[in-house]
Amino acid sequence: MDVGGLDNLREAGRIARRVRERALNIVREGLSIVELCNTLEGLIMDEGAKPAFPCNICIDEVAAHYTPSIEETSIIPPRSLIKIDIGVSLDGYIADTAITISLNPLLETLVEAVNTALLEAIKVVKPGVLASTIGGVIQKTLVSKGFKPIKNLTGHEISRYNLHAGLSIPNVQTSQTDRLQLGRVYAIEPFATTSDGAGQVVSSPIMTIFRLDIERVKNRKLSDEEKKLVEMLYERFDGLPYTTRWIKEFEKFREIHMKMVKTGRIYSYPVLVEERGRPVAQAEHTIIVTEKGCEILT
Ligand code: MN
Ligand code: MN
């Protein structure tokens, strides 16, 4: 990565950290979920950056990929476990970070466990370390505290304009032989549930986050209407994940958008929930691998 790229990446990281810290201060029972997302995404844009993906607010057993729609009226429930996942893109250089806030005193140890697992994982990062070794550290840390890692959610490499590039970083030890490399950027994100959980997530039929993968539409015949939608999505979201909440004129695209999602021309992310309905906590940082270890960007 060139120096300008690294500067952008570090600035994206600082913005993501500030927004995450702000989230920690404003989340409370009864707060409107859509308002919370709009506020956090607004803070990112106030800093001259773009959200790299819609702000994810996942409550209790919902583990990932939920963002509210524009008409959503739900609020932060009492005694809930709230995961806030934030992405910042500065000229395509992406920082990805998440925290969990517990309004239930009984789940505070679960939150502490994912936070500790993340810090322990970061300690072993250096050029050439196996992704599986990181997964092993996360697993060991969580299990030693009486919790279960979510084995089918992973961290990931990040490249420019690409949130999930190549390598994944598991939350358990695996037989995977990939190694982290010097100068590369990775998101590490332990997810855990209570010991009576399944330790894995399943897809729900709900989809609130979408992505236009230009490769999927490149060689397809598109109607004029479809072309218009594709151009708008590409122009506005740089091929990164988006929510229809961000599209003011969405009503006029609603049907064609739905059709393109159904036919797989637009990718959609199913909301992921813990298989046994147990609460899930998450912690996440974006790091860059250095000679001696790594630099935490977020
Ligand atoms: Mn994230
Ligand atoms: Mn991530």
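Me: How many residues of domain 1 are in contact with residues of domain 2?

Reply: 24 residues of domain 1 touch 12 residues of domain 2. Contact means heavy atoms within 4.5 Å. This is a predicted model: local features need pLDDT of at least 70, side-chain atom pairs count only at pLDDT 80 or more, and totals for chains, interfaces and linings use all residues. Residues are numbered from 1 along each chain as written, chains are lettered from A and ligands numbered from 1 in written order, and side-chain values use heavy atoms, without hydrogens and water.

Me: What makes up domain 1 and domain 2?

Reply: Domain 1 is 3-203 + 272-296, and domain 2 is 206-270. The bounds come from an automatic or database domain assignment. The C-alpha centres of the two domains lie 25 Å apart.

Me: What is the area buried between domain 1 and domain 2?

Reply: About 1,500 Å², with carbon and sulfur atoms giving 60%. Buried area is the accessible area (1.4 Å probe) that two parts lose on being put together, summed over both. Pro 54, His 65 and Tyr 161 supply 33% of what domain 1 buries against domain 2, more than any other three residues.

Me: Why is the pairing of Lys 50 and Asp 238 called a salt bridge?

Reply: The rule asks for a side-chain nitrogen of Lys or Arg within 4 Å of a carboxyl oxygen of Asp or Glu. Lys 50 and Asp 238 meet at 3.3 Å, N to O, so the pair qualifies. Across the interface of domain 1 and domain 2 the rule finds 2 salt bridges.

Me: Which residues coordinate the manganese ion (ligand 2)?

Reply: Asp 96 (OD), His 156 (NE2), Glu 189 (OE) and Glu 284 (OE), at 2.1 to 2.2 Å. Donors are N, O and S atoms within 2.8 Å of the metal (3.2 Å for Na, K and Ca). These distances fall within 2.8 Å, so the four residues count as donors. Water is not among the atoms, so sites may look incomplete. Along the chain the donors follow the spacing D-x59-H-x32-E-x94-E.

Me: Which two ions does Asp 96 bridge?

Reply: Asp 96 bridges the manganese ion (ligand 2) and the manganese ion (ligand 1), 3.2 Å apart.

Me: Why are Asp 96 and His 156 called buried?

Reply: Buried means under 20% relative accessible area, exposed over 50%, partly exposed in between (1.4 Å probe, protein chains only). Asp 96 has 3%. His 156 has 3%. Both values are under 20%, so both residues are buried.
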